[in-house]
Amino acid sequence: MKKTIMASIAASTLSLTTMTHAMTSLDDQELSKVDGQALLNLEYLQGSNQTDALGVNYNQTNIGFYKLGLNAEMELNANIKRLQLGCGGSNGAGKCDLDIDNLSLSGLPADPNYTADQRTATSAKITNPFIQFAIKNPTSAASREVLGFRLSAEKISGLMTLGTENSATPNGLNSFSGYMKTKAASGIAQTAERTMTYADTNLEIKGKVKGTILGIPTTLDYTSNNYSLKLSSTAAPFTIGSTIVSGSRMTDVKLKGTGTVGQIDFAGDLTAKVLGGLLPLEKKVTGNITGLKTDITVNQSLGLIHALYLNNPASLSLQSQSILWSGAAVGANKGWWLAMEDEVELGSLSPTTQVAITNEVLKQTIAGINKDLTDNPRDCGRILGSCVFGGDLAVGNVPMNSTTLDFPLTNLTLQGQNFRPNCYGGVKFC
């Protein structure tokens, strides 16, 4: 039996050596016609004179970029208790280039109402990771110098969270050096109810009333520095445009947007002067304001940004001088630098709590209110009767379509920044 098996193996080996498909050598011309894919990829790029997306020019004709890439897709689920890079040193004491507490990277669960256990079962996908070196004077052995290196990937898809909770107390991202561009996003703010008085605005309410004196139609001017009007809560939809966040050791970001304000109902007491102060005008007034538009500026602590939905190239680099890395939108500053090249999704920008209408915002409405009350006198009845001495004054609608408010907001706790920890059970971080 053994002799039979050995004879069969010998016959098979002999037939393989005589097959026409045995390996043969190829010259360069023949080899150029063969396609294939390697696991590792080496690439050299000569630097050039370029201008980045912020208009900064980089003359890098004396820099060579050496890249070692991996043609593969990797998966990663990771938690880092604290990431601190570039602390102190030449950039100054007291801060780090990157200082992040409780950093988590996972996949993005399919269910938007995912649980923590569902998140831990996912992994971020890293497509074609690579390491790149920037070499000054690459062709000169005597003066060759390493200026920096970059860890990157052609794309990272997943959910990055910073901190342990989305609350009014900043946590997570303490200091940021790098670049990211947020996608345009929208939200609905609910303004808080409040009372408007002369002490708040230091501005008079002015207008006209029309009525009759002894049956004769009459129009009277009035001014008031004694009013107390309760303003209702209302919805204020707004949109924040795409925003570039770029710089070193940043702790906050400024977001710009526009919006509208829903109908604001008002009611309260108003005491005014008519006929040069000879007669008082004491009224309980009611009405509403519509058509207000807003120019919004949000001064937001980076510690209130907790959830970044990634689907873009990203990199972490260290450089001894500012460098515009290949494929990057803006140059990386000296030190550690974290860059996310494509737009990052922030989610809903709706605040989780009501937004206060400040005195400065109220002051901007008085001119529009006075114009409407003057251009369109309200009917008051008999001037020497119910008009002056008591009664109600139905102001009705005060349209303010031509008024745009400068509406500053600070440190909003945003609904779209809610997230689940990347841990099993009820642990906030693990």
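Before looking at any pairing, I noted that two strands pair if DSSP finds at least two bridges between them. I also kept in mind that this is a predicted model.

**Entry 1: strand β13 and its partners**

I began with strand β13, residues 205–213, and found that β13 pairs with strand β14, residues 216–231, in the antiparallel sense over nine bridges. To follow one of the bridges, I looked up G207 and found that its bridge partner in β14 is Y222. I then turned to the hairpin of β13 and β14, where two residues lie between the strands and where L214 takes a positive phi near 55°.

Next I asked in which sense β13 and strand β23 pair. The answer I wrote down is that β13 and β23, the latter being residues 378–382, pair in the parallel sense, and that four bridges join them. Here the bridge I followed was that of V209, whose partner in β23 is R378.

I moved on to A72, which I located in the loop between β4 (63–70) and β5 (73–76). Is A72 buried or exposed, or does it fall in between? I found a relative accessible area of 24% for A72, and because buried means under 20% and exposed means over 50%, A72 counts as partly exposed.

I then listed what A72 touches, leaving aside its neighbours within four places in sequence, and noted contacts with L39, I126, T127, N128 and P129. For L39 I also looked up the spacing, and found that the C-alpha atoms of A72 and L39 are separated by 7.1 Å, although the two residues are 33 residues apart along the chain.

**Entry 2: the chain as a whole**

Stepping back, I recorded six helices and 25 strands in the chain. The radius of gyration is 34 Å, well over the 22 Å that the globule rule gives for 430 residues, so I describe the chain as more spread out than a compact globule.

As for the surface, the chain exposes about 22,300 Å², of which carbon and sulfur atoms supply 55%.

Looking at contacts between residues at least 6 apart in sequence, I noted that 76% of them join residues at least 24 apart. Last, I looked up the charges, and found that the mean positions of the 34 positive and 35 negative charges are 3 Å apart.

Key. Residues are numbered from 1 along each chain as its sequence is written. This is a predicted model: local features need pLDDT of at least 70, side-chain atom pairs count only at pLDDT 80 or more; totals for chains, interfaces and linings use all residues. Side-chain values use heavy atoms; hydrogens and water are left out. The radius of gyration is taken over C-alpha atoms; the globule rule is 2.2 Å times the number of residues to the power 0.38. Contact means heavy atoms within 4.5 Å. Accessible areas come from the Shrake-Rupley method with a 1.4 Å probe; for residues, only the protein chains shown count as cover. Lys and Arg count as positive and Asp and Glu as negative; His and the chain ends are not counted. The place of a charge is taken as NZ of Lys, CZ of Arg, CG of Asp or CD of Glu. Buried means under 20% relative accessible area, exposed over 50%, partly exposed in between (1.4 Å probe, protein chains only).
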